[in-house]
Amino acid sequence: RYLDVHGYRIQDGCGILRAAHTVKYKLNKAEGPSRLIVRSDTFYGGGEFLTRVNGKVMDSVHLDARRTMFAYLEIPLPADLPAGPIEIEHRVLRTDDIGLFTMWLVQ
């Protein structure tokens with residue numbers, strides 16, 4: 001467990017996201033343009049990392065067909081998000097699984 005620069009507690013563990021499953025969570029909206037950074041690990045057959053924000057589909061992130069340690073996937077978020085928490089949903093296509101560690105919302 002760590003604290004970020006704003007004093008929020010970060011717990012850095014790994015969850016496995018398998019094909020045909022989803023992971024969902026909520027984040028507080030950042031001021032101005034923002035992007036989501038996802039620290040991931042170990043994807044093998046290649047594929048696509050898909051994200052929905054408040055139900056809207058974002059551009060997919062291509063996963064190289066190789067084992068990758070601590071890749072950082074970047075998803076730009078739309079500027080017109082409403083005030084309040086945003087709902088994030090991830091899933092993967094054409095890969096066995098992906099390890100998800102930490103997600104950051106950055107400006």
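This is a predicted model: local features need pLDDT of at least 70, side-chain atom pairs count only at pLDDT 80 or more; totals for chains, interfaces and linings use all residues.
Residues are numbered from 1 along each chain as its sequence is written, and side-chain values use heavy atoms, with hydrogens and water left out.

The protein chain contains zero helices and eleven strands, where helices (H or I, at least four residues) and strands (E, at least two) are DSSP runs numbered from the N terminus. Of its 107 residues, 37% count as buried; buried means under 20% relative accessible area, exposed means over 50%, and partly exposed lies in between, with a 1.4 Å probe and protein chains only. The accessible surface of the chain comes to about 6,800 Å², and 51% of this belongs to carbon and sulfur atoms, with areas taken from the Shrake-Rupley method with a 1.4 Å probe, where for residues only the protein chains shown count as cover. Among contacts (heavy atoms within 4.5 Å) between residues at least 6 apart in sequence, 79% join residues at least 24 apart.

Four strands form an open sheet in the order β3-β11-β5-β9, with antiparallel pairing; two strands pair if DSSP finds at least two bridges between them. The edge strands are β3 (15–18) and β9, each of which pairs on one side only. On average, neighbouring strands of this sheet are turned by 40° against each other, direction ignored; the axes behind such angles are lines fitted to C-alpha atoms, for helices over the stretch in contact, and angles run from 0 to 180 degrees between N-to-C directions. In general, strands of a sheet pair through backbone hydrogen bonds, either parallel or antiparallel.

β3 pairs with strand β11 (residues 97–106) in the antiparallel sense over four bridges, and Leu-17 stands opposite Ile-98 in β11. Seven bridges connect β11 with β5, again in the antiparallel sense, and here Val-38 stands opposite Met-103 in β11. Six bridges then join β5 to β9, which run antiparallel, with Ile-37 opposite Glu-74 in β9. Strand β5 (residues 35–41) is largely enclosed by the rest of the structure, because six of its seven residues are buried.

The charged side chains come next. Side chains of opposite charge can pair when their charged atoms come close. A search of the whole structure finds two salt bridges, each being a side-chain nitrogen of Lys or Arg within 4 Å of a carboxyl oxygen of Asp or Glu. In one of the salt bridges, the side chains of Lys-26 and Glu-87 meet at 3.9 Å, N to O. Lys-26 lies in strand β4 (residues 23–28) and Glu-87 in strand β10 (residues 85–93), so this pair ties together parts that are 61 residues apart in sequence. Lys-26 counts as exposed at 59% relative accessibility, whereas Glu-87 counts as partly exposed at 46%.

Arg-35 forms a salt bridge with Glu-74, the closest N and O atoms being 2.8 Å apart. This pair links strand β5, which holds Arg-35, to strand β9, which holds Glu-74, 39 residues apart. Arg-35 is partly exposed with a relative accessible area of 30%, and Glu-74 is partly exposed with 44%.

The largest nonpolar core has 18 residues, and those with the most contacts inside it are Phe-49, Ile-75, Leu-77 and Ile-98. Such a core is a set of buried Ala, Val, Leu, Ile, Met, Phe, Trp, Tyr and Cys residues joined through side-chain atoms within 4.5 Å. The elements that give two or more residues to this core are β5, β6 (47–53), β8 (61–63), β9, β10 and β11, and β10 supplies the largest share, three residues. Leaving aside neighbours within four places in sequence, Ile-75 is in contact with residues including Phe-49, Leu-36, Val-38 and Val-61.

Finally, Pro-76 lies in strand β9 (residues 71–76). Pro-76 is exposed, with a relative accessible area of 55%, and touches Ser-34, Arg-35 and Met-58, not counting residues up to four places away in sequence.
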